[in-house]
Amino acid sequence: MPCEKCATTYPAMNSDPFDSAAWRTFNMLDSDEAAVFDEAMRHDPVLRNACLEMDRLSAAIAAATAAPLTPQTGQLERLQSRLGLGPPKSAPFWVAVSGWAAAAVLAVLLVLHLTGIIDQWGASSGAGAGNPLTQGSDATVSRGLGGSIHITPASSGKTRPNRNPALAGTRPTDKGPDGKTTAKVETKRLNQEIEVLRDNLEKFQTRDQALFEVVPGMALPIVMTMNPPGTAAEDPAVFARNDERSPLTTLLGDALATLTSTSGGSADNPPPPSATAALSDHPTAIPIYDAARDQGALVVSNLPPADDGEVYNLWVTTHNSGHPIYVGTLPEGSASGADSFDFTLGSTMVLPSGFLLTMDPEDAPATPTAANTILQGPPTLPR
Amino acid sequence: MIAVPDDFYANALVMDETELSPIHILPSGLGEDPSNEHVKLIRRMANNEGAALTELYGMWGPVFLGVATRMLGDRREAEDGVLETFVRLWRRAADYDPHQSPPFVWAFAVLRGCCIERLRSRQRSRKSPPRNVPILSHAPVEKCENARVMRLDDFRRVKAAMDHLAPNERNCLESAVFLSYTQTEAAEHPETSLGTVKNRLRHALRKVRNHLSRYEL
């Protein structure tokens, strides 16, 4: 195709500039052809206009045919952080900072106390005289070998119940002879409580970290059952009985066995009777999700085909999100028996707290409500 | 009064639109930003206003993520692609010229470029293509309509034009828009040669353009 200005011929171009622009837009040219096209476009306004038209058309078709997806939580903060726009600090960061700050303040108070400053302040102000929590008790604090602090409980007097079992036996009585020891005991107790909480936090983090480590040949999946809302599963007694008769592992095994039998069974070799089917005919689903790999499967049983013009939508809830997040739409024509669908949540490091399956009109936006929820999991026990 | 042959309307009804001569009138207005809202946001981004980026991300983020997921077939990679797109939009905001292309079209081109780079990188590293997420498939157009992304009239124009296509033409055009027929992958479709794909695309595009132009009239 000759260029209008420089009369250079660009052999890779079609006679119709719109065709050339289309192949370029759809990435159907190899790198050499694309380079020739780009060079030609600089010289040829007709080609440039064709390209612009193709860009408009493809953008409009893409916007009109792709389902919008809600970005994962934290993506905007990642974007802002990458551009140095000062994203808001995350809550765990503040918890960590405030924890260390509190520990530092308490440590300073302890040092001040040990140097006698607080004792002097306590004597001058008569602290503790009006504090009911410090009456009738006695305690001592001593420094042990290696700098460890030992708190000796008093032999008499009322004590407040210790809310942390890990601290049982470490809390002294509340009142010193003149209230002087109250501050130091309280300081010591809070300090120890912070240490215990920090230890627990580290244990939880270590435990959770294992969920997000990819180990070849092994997974720590999150598995839960989904039942129709308001079914007997929410009755504690029935729930416990069902759980005893058909625990999650049995349900899962039955579902997988049913899948295998439907895909490979024969009339001569019928599948074994399913405990799930024997127990109930109501629809159930079992989402199995590997948070380390962001791979999940939804095994459904006894799910009736969606009504005409309606589809099943899967939603996930997490502890961090206040509302369910759309995962996807089950393909039409789902079997009424057992079936399995793959899904992803779009990101690792996400721990689902629950799943919802809703049935909504195909052509209407949907939000999970009590009215359209078909299955939900895990079953909730009434308080 | 001009006499109309008896078979005129019958012939008109069965006329194949591919026989119509190509119309070289641009479907003007498609993807335009009539309220100038997007342009203002991009100008604010050029002035390093982070709030404008946040607003634009809330507006375009979901649709971009949906498009990128279909282009890449992997939602996790699509999230990264969308992130990279907005980084580029932020850095190129000062160079944006609204006279060259509408804001959404400009941003979509950036998104497509990011996705093409990732597809090429995937090809270079010989990674096996990720499986498409079967549970995330098409959505009804009504779910896609968002007046803050594109004018509702544009959504309807495109929907009407796409509905006018034969199923194989529509599939072919959608596959091309979502980069399923890249130079390397087109050869991997044994059921259709590249020539067949291009012919089908040519017909589909011509029909869509004709329909859009007629819609404007």
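Author: What follows treats confidence, the interface and the fold of one chain. This is a predicted model, in which local features need pLDDT of at least 70, side-chain atom pairs count only at pLDDT 80 or more, and totals for chains, interfaces and linings use all residues. Residues are numbered from 1 along each chain as its sequence is written, while chains are lettered from A and ligands numbered from 1 in the order in which they are written.

Reader: What average pLDDT does chain B have?

Author: pLDDT is the predictor's confidence in each residue, from 0 to 100. Chain B averages 75, and 71% of its residues score at least 70. Over residues 1-27 of chain B the pLDDT stays under 50. For the complex, the predictor gives an ipTM of 0.81 and a pTM of 0.49.

Reader: How many residues of chain B are in contact with chain A?

Author: Two residues are in contact if their C-beta atoms, placed from the backbone, lie within 7 Å. By that criterion, 61 residues of chain B touch 53 residues of chain A. Helices are DSSP runs of H or I with at least four residues, strands are E runs of at least two, and both are numbered from the N terminus. On the side of chain B that touches chain A, α3(B) gives the most, with 11 residues.

Reader: How many helices and strands are there in chain A?

Author: Chain A has 10 helices and 10 strands. Among its contacts between residues at least 6 apart in sequence, 62% join residues at least 24 apart.
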